[in-house]
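Work through the exercises below with the sequence and the 3D view open. Try each task before reading its solution.

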Amino acid sequence: MTDFSYEIEDIGLAQQGLERMNWVRERMPILRQIKTDFAKTRPFAGLRIGICLHVEAKTGIWLEALTSGGAAIAITGSPGTTQDEVAAALVAERGIQVFAKKSETFNQHLDYVARVLSTEPDLIVDNGADIHALALTGPTFSRAKSRIIGATEETTSGGFRIRENLADHAFPTIIINDSRAKRIIENRYGVGQSVVDGIMRCSNLLIGGKRATVIGYGYCGQGIARALRGLGARVTIVDIDPLTRLEAHTEGYHTTELEEALSTSDIVITVTGRPGALKRDHLTLIKDGALVCNAGHFETEIDLPGLRDLAAESNRIMPDVRQFKLNNGKTLYLLGKGNMVNLTAGDGNPIEVMDLGLALQSLSLACLAGNSQSLPAGPQATPREIENEVAVRTLQAWT
Ligand SMILES: NC(=O)c1ccc[n+]([C@@H]2O[C@H](COP(=O)([O-])OP(=O)(O)OC[C@H]3O[C@@H](n4cnc5c(N)ncnc54)[C@H](O)[C@@H]3O)[C@@H](O)[C@H]2O)c1
């Protein structure tokens, strides 16, 4: 075990972080119950958990549940999504090793992931498969890899990466995103509301009457489209899958080719889970004055180097709004630096939704801690009994 190292913006923000967490804790009844249960059963006694998940207040309440179950924790987040005051509270008041700053670059993020893995955790929690990629490829972390008894992966993009790009599955990984509970409740309802909230907060613009294009009509895209339509936007759906386009059409949305949608939209949102949804050439087609943002896990959904290259001038207008004056005379406004706009420009998914999502994480981790020998190595779905238990607890809490 390494010494108690950490890297955050300002430890002096701890009190502010605690206050923020107090609001959230009151509204997370499922995690409060799990914390009480874990204090009795101690499923993580003697275990270290290495985590990559947004360092914000809801995650903070979840970490309280894990530590009450006996875990020692090291955590990092994603670029742009850290709440610095929560990071400070977790270090100063909860004894958690945090490597995360709101201002971190992508390269710093990768360095922080390595620092989490260097603590040689027994269990890992991943979000986008960055820890998996480091542990499973190359010799540098072979000792850390051999210690890991199980892992979870939170999101769609990470599930893709683990299944498609990482062959050497040395331990079981529960893909939380494969659960119906996460896809339906979090991705559709939670992401839908919070992405539109992020756009409204950072731009202060009216949604009603605007033309908006959602690129990618999966679980998240469906939720975003629904939330935009609920506020009166005229929504166009672009998706590479014809059956999905048909589904969107039948739901009452306008569907068309990407090129046409871009030239008429006031708001363009990528949420495909794949890099290059908006390539350099597409960016030149976007309507003058449009807002452009990403809700998918990785900023690579938009060709940001291409955007910078196309720009004759770039100016920061507000904290989460950057103006790009393109060489072709058009102006675009990039929200939240191309990172997930609901987390960079807002507070992320609604509290109740993450109470459910992090309950899935908690019970999956306890399952891995107790059954690592009997579970097969490699990616697998959340056990059905865990999903059902979380659904029952959530219904009890919400009705
Ligand atoms: N912002 C958040 O809080 C948050 C929360 C959950 C998931 N996510 C992320 O959102 C992304 C989408 O997740 P999902 O669960 O909706 O995925 P999904 O697999 O359900 O849907 C993705 C859709 O995008 C379409 N698609 C793929 N490439 C495309 C392209 N180039 N152009 C147009 N359409 C394309 C697919 O056909 C599919 O319909 C992932 O990166 C996921 O990790 C973000």
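**Exercise 1. The shell around the ligand**

Task: Sort the shell around the ligand by residue class, then say which parts of the chain supply it.

Solution. The model is predicted.
Step 1: By class, the shell consists of 11 nonpolar, 14 polar and 3 charged residues.
Step 2: In total, 28 residues surround the ligand, and the closest are G216, G218, C220, G273 and H297.
Step 3: At least two shell residues come from each of helix 8 (156-165), helix 9 (180-203) and helix 10 (219-230). Helix 10 gives the largest share, 3 residues.
Step 4: Domain 1 (11-182 + 350-398) and domain 2 (189-344) each contribute at least three residues to the shell.

**Exercise 2. Two domains**

Task: Describe how domain 1 and domain 2 are placed and where they touch.

Solution. 
Step 1: The domain assignment divides the protein chain into domain 1 (11-182 + 350-398) and domain 2 (189-344).
Step 2: Taken over C-alpha atoms, the centres of domain 1 and domain 2 are 29 Å apart.
Step 3: In the contact between them, 11 residues of domain 1 meet 14 residues of domain 2.
Step 4: On the side of domain 1 that touches domain 2, helix 8 provides the largest share, 3 residues. The residues of that side are 4 nonpolar, 7 polar and no charged.

**Exercise 3. Helix 3**

Solution. 
Step 1: A residue counts as buried if 20 or more other C-beta atoms lie within 10 Å of its own.
Step 2: Just after helix 3, G70 has a positive phi of about 100°.

**Exercise 4. L310**

Task: Is L310 buried or partly exposed? List what L310 touches.

Solution. 
Step 1: L310 belongs to helix 14 (residues 304-310).
Step 2: With 19 other C-beta atoms within 10 Å, L310 is partly exposed, because buried requires 20 or more.
Step 3: Not counting residues up to four places away in sequence, L310 touches R280, L283, T284, L326 and N327.
Step 4: From L310 to F171 the separation is 139 residues in sequence and 44 Å in space, C-alpha to C-alpha.

Notes: Residues are numbered from 1 along each chain as its sequence is written. This is a predicted model: local features need pLDDT of at least 70, side-chain atom pairs count only at pLDDT 80 or more; totals for chains, interfaces and linings use all residues. A residue is near a molecule or strand if its C-beta atom, placed from the backbone, lies within 6 Å of it. Helices (H or I, at least four residues) and strands (E, at least two) are DSSP runs, numbered from the N terminus. Ala, Val, Leu, Ile, Met, Phe, Trp, Tyr, Cys and Pro count as nonpolar, Asp, Glu, Lys and Arg as charged, and the others, Gly among them, as polar. Domain bounds come from an automatic or database domain assignment. Two residues are in contact if their C-beta atoms, placed from the backbone, lie within 7 Å. A residue is buried if 20 or more other C-beta atoms lie within 10 Å of its own, exposed if 12 or fewer, and partly exposed in between; C-beta atoms are placed from the backbone.
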